[in-house]
Amino acid sequence: VAQLVNKPKTNLGPGFWPVTIFLAALAIVSDYYVIVTPLSNFLPEAAVPADQIDALFKFLTVVGNAIFIYVVGYVVYFSIAFRRPKNAPANTIGIQIHDQPQLEFWWTLIPTLLIVALAIFSVVIWKGLQQTQGDVLTMEAIGHQFYFEFRYPKLKASVRDEMHIPVNTPITLHVTAADVLHGFWVPEVRVKADMVPGLVNTLRFTPTTIGQYRIICTEYCGSSHGKMIAKLYIDSQQDFGKWFAKEANIAASGGGGAAVALTSGQKDKGQALFGQKCSSCHSVGPYNQIIVGPGLGHLFNDTEHKQLVDGKDVTPENIAYILHNGYQGQFNGHAAVMPSAQANAISNEDIANLTAYLVSLSK
Amino acid sequence: MAVATRPSAPHAVLDHIHPEPESFVRKYIFSIDHKVIGIQYMVVGLIFFVISGLLAEVIRVQLLHPDGRFLGGEQYNQVYTMHGSAMVWLVIIPLVTGGFGNFIMPLMIGARDVAFPWLNMASFWMFPPAGLLLFGSFLVGAPDAGWTEYPPISLLGPPGTSMWCAAIFLIGISSTLTGINFLVTILKMRAPGMTFTRMPLFVWAQIATAALSMVATTALAGALAALFIERQFGVPFYDPAKGGSPLLWQHMFWFYSHPAVYIMILPAFGIISEVLPTFARKPIFGYKMIAFSSVAIALLGFMVWAHHMFTSGMVPWLQLPFMILTMIVAIPTGVKIFGWVATLWGGSINFSSAMLFAVGFILTFTLGGITGVYLAAVPVDLHAHGTYFIVAHFHYVLFGGSVFGIFAGLYYWWPKITGRMMNETLGKWHFWTAFISFNCTFLPMHWLGLLGMPRRVAVYDPQFTFWNQFASVSSFVLAASTLLLFYNMANSLARGKKAGPNPWGGRTLEWMISSPPPYYNFKKVPAVLGLPYDFGNPLPYLGLDNPQAEAATPAQTGQPAVAH
């Protein structure tokens, strides 16, 4: 035993170096495959920082893979090689070695150098993420329970659940939230920012690949958090121009088709539409007959609820306002959301018809 | 001779033994004996482990289908919030500190109890009420914003969210008091001759953990009090609409909760560092490096909290120091792992159930550690934050790390705690089923997250269906494998073989006394001459006059254990 303590290097055991070389080969081969396999095979890269982030990811995988192979390899090899034989006397002991300063020096120094390399590489890529290029499109994304709202410069109305951006144009995206925390993540772009009420965070990226992607909310935001997904369209410059012109037109005309007088509403049409669009959440009974939202049958003669859910007086105009804009806020002691006309896909004419129907129920 | 080696120890004080209390209540319920309190922590912690584990299975049942047919969004959110909260605060932290720390640490340092036994009892008795308060929140509407309870949504959450605040506040006070208690115990009550560099590594882990608990938990207590006050009385701390800051909570929460990760893992490191030498029949490799790295990890643990917040919004340059400090944590962690691997080399390894879990721990924890470095790198974190990659990472650290450490500790110290052996065949079945099903459950979550599945969702994109179902089915096997452990424990209590004082041939002080240990632990406090890991050498203790230890050890250690 004393001899082994003095000369540990010469007594590593017959299998040690073959195993070490085998593990090296395994690490080299698997690292080679990590290096030559584009990560876009698994998840497309749709914007500029994605390739850089993937390069850093690969660096981490190459190093981590080699370390992991050695740890697992040695643990398995030592477990087999130094397993106590079944018939070994109970007092068999292992080699009484306490440490090996040289070995400990190297296995501290090498990881330290790898960490230094990783830190430098990470800072370089990080710096790239902070830079703004010349001609940028600066826009805003706002998280709501449970949808994304997008605002463009020179576009009066905001756009919901669809984000269009032109390819090869640097984007500066300011994100915030209207109610609770949300997150903005496009896996194919590889970047993410939390949407924090009262705070503006900024993402910068340059879309490179035309296509349709998913914008995913990544901070818990309530019961429908998992369903809070919007579409990102990376359009050609032309398609983006067309889409933008169309949106600008809609915005100019008052946001959602031609203006319609409320008095022109027909309650029969409204009743039919109520069955299709509203009745899964609202009854036509009294307020307390709640499905998801309040019952709407007694809007004008309810002595307990003299205001609408948003605190405004009960008038046809204010009813139409909620139908058009939706509602977010407190209802029945918890946070509640009613979708807007755009989300419900109802026109201004539909709003007039629905208002006429709701008025007719109690007036 | 023994007396002569303890120059500073007044003989009369050390040899005075308090009588054991007579009444049932003082003996088993409101006991001030660290061993009884340790067992109380373990029993209550394991009950909560079963409940929280079942909640995890409910999560996996929900995720069998991409459109989540099992629960509505709200119930689902409550289930994973309670699973996470309970596993962290009611299971892992109480088991590794209150459980193993209480039972084992005083024995290991040759003490008759902790420094403040009454405080210890008070600490324990905050734990079951905190658990009842937490699980009681299901009756009024359980919290649903995840175990991190980020405002502003946690301000709007169900009434149970306030109960959650109170419960975690209570368990936090308990944890702080235990930290103070253990710190004083280890600093002041070690047996004569047990210098810092002769302390078993489990004790090193406990002193680092105690310091973390004592300092960090106060930040959490402040954050929780503010959340509670804002919810109940409307004083704005976090609501941005009233001038509060949601990020204030995140900073205070993670200033505690990152150290909390080390509170959960350092004692597991300590357990592994005891189990490996005992079953490899070798000294731990690089004792000083492993001890020092525990302290380094604890210190660094206070300087890395904002790496949980890279996407939350902070001055961009501030990301860099947090990134680099976090990466540095990998160095002491690597040193530990390499030391454990080297401990296996040249051993005479007996693969008992405890040893299997310790070796399995090295593998799973290494993977969890490596993915932690990915998350430290800000650009990669911008992609991986808030996804299933995170879920995979922290389950590799907390299940593959802490819980495997708890399992290893249970199999290792069970004979000491109960005086009876567990069935080793069943234990090995438990290990293999748990190890395989654990990896099958959590490994796929790495790529699920990287490919686009966010965490905390009740529904998911159908492209992820296969691997979610694979993980769910594996998790059912994992739950079933845990039943083997519970059956083994019950079976051992009912008809397990008598263990004797030292069934594994351990050399730390707890193995030198009978199993279960007598009320006073050590009739005469021993003097310590060296490290406990020199197998084949005479035991480094003087003045041990317990004949049972001497009778049991020779066959195991190869040397007569007669104390000089």
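User: Phe435(B), buried or exposed?
Analyst: Phe435(B) counts as buried, because its relative accessibility is 14%. Buried is under 20% relative accessible area, exposed is over 50% and partly exposed is in between, with a 1.4 Å probe and protein chains only.

User: What am I looking at?
Analyst: This is a predicted model, where local features need pLDDT of at least 70, side-chain atom pairs count only at pLDDT 80 or more, totals for chains, interfaces and linings use all residues, and side-chain values use heavy atoms, without hydrogens and water. Residues are numbered from 1 along each chain as its sequence is written, with chains lettered from A and ligands numbered from 1 in the order in which they are written.

User: How many aromatic pairs over all chains?
Analyst: There are 80. Rings of Phe, Tyr and Trp (its six-membered ring) pair with centres within 6.5 Å; planes under 30 degrees apart are stacked, over 60 edge-to-face, the rest tilted.

User: What do Phe124(B) and Trp125(B) form?
Analyst: An edge-to-face pair, 5.0 Å centre to centre with 80 degrees between the planes. Phe124(B) is buried at 2% relative accessibility, while Trp125(B) is partly exposed at 30%.

User: And Phe404(B) with Phe435(B), what angle?
Analyst: Their planes are at 40 degrees, so the pair is tilted, with centres 6.4 Å apart. Phe404(B) has a relative accessible area of 0% and is buried.

User: Which rings are in the cluster with them?
Analyst: Ring pairs link both into a cluster that includes Phe49(B), Tyr411(B) and Trp432(B).
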